[in-house]
Amino acid sequence: MDFEFSEQERAFLREVDQFLAENHDPKVMDVTRENMAQVCDTPERRAFMKKLAAKGWLGITWPKECGGQDGAGFYEFLLNEKLSSVGAPQIGKGIGIIGKTLIKVGSEKLKKEFLPRILSADVEFAVGYSEPSAGSDSAAMRLKAERSGDGWMLNGQKVFTTSAHFADWYWVGARTDPDAPKHHGISLFLVPMNHPGLTIHPMYTMGNERTNAVFFDNVFVPDEYRVGELNKGFQYIAEALDIERFTMFTLSPIRGRMELLCDYVRTATRDGKPLREDPVIRQRIAQLATECEVARVLSIRFVDAALHSDKTPTNEASQYKLYATELSRRIADATMDIVGPGAQLALGTEDAPLRGRGESCYTYTVIDTIGGGSSEVQKNIIAKRKLGLPKNF
């Protein structure tokens with residue numbers, strides 16, 4: 001397997017670099033928001049996504065009959081890495097989770113209604129899987145969906161729906177057969193976020209970013225807004241989560257945190273001696289730099305596996321997500337250790353080491369090991385699907 005980019009791929013990277021330089025906007029590009037930088041939660045960010053749409057970059061991997069380019073997934077990977085490197089919104093939920101699922105199993109009505117709007121960046125989605133009793137274990141969701149005339153009545157609660165306060169539509173899983181086994185009896189629905197039966201309550205993370213709890217009170221959804229086959233929602237969710245685990249946790253921000261730490265070590269002193277000459281610190285930096293290269297190879301291996309299979313490579317997705325997010329946490333831990341007490345100063349504090357990024361990286365990277373399926377869940381997936389071992393819970 002060749003891990004280097006072709007000339008055509010390098011030309012695409014240069015084109016993206018030029019686009020980002022021409023459209024630079026600090027209101028849109030903010031690396032200090034860490035992985036939360038990918039969301040389109042402001043008018044400026046949504047306008048930026050429309051510029052990406054005008055370039056034809058949102059439908060690179062979609063079939064031509066759906067408005068896409070039938071392009072290789074590697075270009076989507078390259079684009080997301082470049083976007084995340086400058087803290088710009090990335091292509092994710094709409095193109096990946098929602099769009100690709102609709103292309104595969106959606107009705108003609110849903111395809112006609114949503115696919116063009118996704119490609120033109122005219123619609124934003126929130127994803128509702130997690131619940132108070134079903135965090136990383138999506139199969140344990142209890143949100144009720146009961147038959148009501150020509151549709152379904154939804155009642156219950158979702159938590160950690162990050163985009164609920166600005167999204168247009170809710171991509172939500174609900175239990176349509178309470179008597180079915182745990183991984184069955186779940187269906188997917190599309191619900192307008194302005195539905196009067198939805199109540200959105202803010203929840204703030206330890207990184208001071210907003211996520212939400214969403215309450216459903218007799219939310220009626222016509223059956224035509226049910227996605228795919230009845231009671232097969234968990235299968236669709238599992239496939240979409242494999243996409244999310246890869247697209248949400250790009251390598252560029254992790255590499256950026258590593259470079260920030262290296263820049264600090266390169267110039268800082270302690271007790272009058274350069275940190276770069278400390279053998280313990282040199283060994284730790286070398287170890288983390290090596291692990292960054294391992295993460296890069298795992299990311300490319302995922303893309304390569306996806307290009308050579310009709311199915312999303314579950315094992316590779318979980319291996320990359322587990323390794324990359326835990327590596328990001330190790331880099332944050334090393335930053336706190338090496339920089340010392342000053343690393344605890346909050347982002348924006350005057351004269352803080354690393355301009356306060358040490359503290360923000362530390363709080364965000366904890367969140368990253370949980371979102372999209374916790375590290376424990378990823379280990380279980382690898383153990384069961386790759387190694388044939390039993391789950392530990």
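This report describes aromatic pairs, nonpolar cores, a strand hairpin and several individual residues in a predicted model.

## Basis of the values

The model is predicted, so local features need pLDDT of at least 70 and side-chain atom pairs count only at pLDDT 80 or more, while totals for chains, interfaces and linings use all residues. Residues are numbered from 1 along each chain as its sequence is written, and side-chain values use heavy atoms, with hydrogens and water left out.

## Aromatic pairs

A pair of aromatic rings is described by the distance of the centres and the angle of the planes. Here rings of Phe, Tyr and Trp (for Trp, its six-membered ring) pair if their centres lie within 6.5 Å, and planes under 30 degrees apart count as stacked, over 60 as edge-to-face and the rest as tilted. The count by this rule is eleven aromatic pairs. One of them is formed by Phe5 and Phe74, which are edge-to-face with 5.7 Å from centre to centre and 65° between the planes. This pair links distant parts of the chain, since Phe5 belongs to the segment before helix H1 (7–22) and Phe74 to helix H3 (residues 73–85), 69 residues apart; helices (H or I, at least four residues) and strands (E, at least two) are DSSP runs, numbered from the N terminus. Phe5 is partly exposed at a relative accessible area of 27%, whereas Phe74 is buried at 9%, where buried means under 20% relative accessible area, exposed over 50% and partly exposed in between (1.4 Å probe, protein chains only).

The rings of Phe19 and Trp57 have centres 5.3 Å apart and planes at 75°, and therefore the pair is edge-to-face. Because Phe19 lies in helix H1 and Trp57 in the loop between helix H2 (43–54) and H3, the pair ties together parts that are 38 residues apart in sequence. Phe19 is buried, with a relative accessible area of 7%, and Trp57 is buried as well, with 5%. Both residues belong to one aromatic cluster, formed by Phe12, Phe19, Phe48, Trp57 and Tyr75.

## Nonpolar cores

A nonpolar core is a set of buried Ala, Val, Leu, Ile, Met, Phe, Trp, Tyr and Cys residues joined through side-chain atoms within 4.5 Å. The largest such core has 76 residues, and those with the most contacts inside it are Phe48, Leu154, Trp171 and Leu190. Helix H3 provides the largest share of this core, with six residues. Apart from it lies another core, of 25 residues, among them Ile254, Met258, Val339 and Ala343.

Contact means heavy atoms within 4.5 Å. Leaving out residues up to four places away in sequence, Trp171 touches residues including Ile97, Leu102, Tyr129, Phe189, Leu190 and Val227.

Strands E2 (residues 144–148) and E3 (residues 151–158) run antiparallel and are joined by five bridges, and two strands pair if DSSP finds at least two bridges between them. Ala145 stands opposite Leu154 in E3. The hairpin has two residues between its strands, and Gly149 takes a positive phi near 60° there.

Ser187 is found in strand E5 (residues 186–192) and is buried, at 0% relative accessibility. The side chain of Ser187 joins that of Thr176 through a polar contact of 2.8 Å; such a contact is a pair of N or O atoms within 3.5 Å, where within protein one must be able to donate a hydrogen and the other to accept it, and residues adjacent in sequence count only if both atoms are side-chain atoms. Beyond neighbours within four places in sequence, the contacts of Ser187 include Val172, Arg226, Leu230 and Asn231.

Asn231 has a phi near 70°, a positive value in a residue other than glycine. Asn231 is placed in the loop between strand E8 (226–227) and helix H6 (233–247) and is partly exposed, at 23% relative accessibility.

## Asp70 in its loop

Asp70 lies in the loop between H2 and H3 and is partly exposed, with a relative accessible area of 48%. Asp70 and Gly59 are eleven residues apart in sequence and 8.2 Å apart in space, from C-alpha to C-alpha. Not counting residues up to four places away in sequence, Asp70 touches Ile60, Trp62, Pro63 and Lys64, and a polar atom of the Asp70 side chain lies 3.5 Å from the backbone nitrogen of Lys64.
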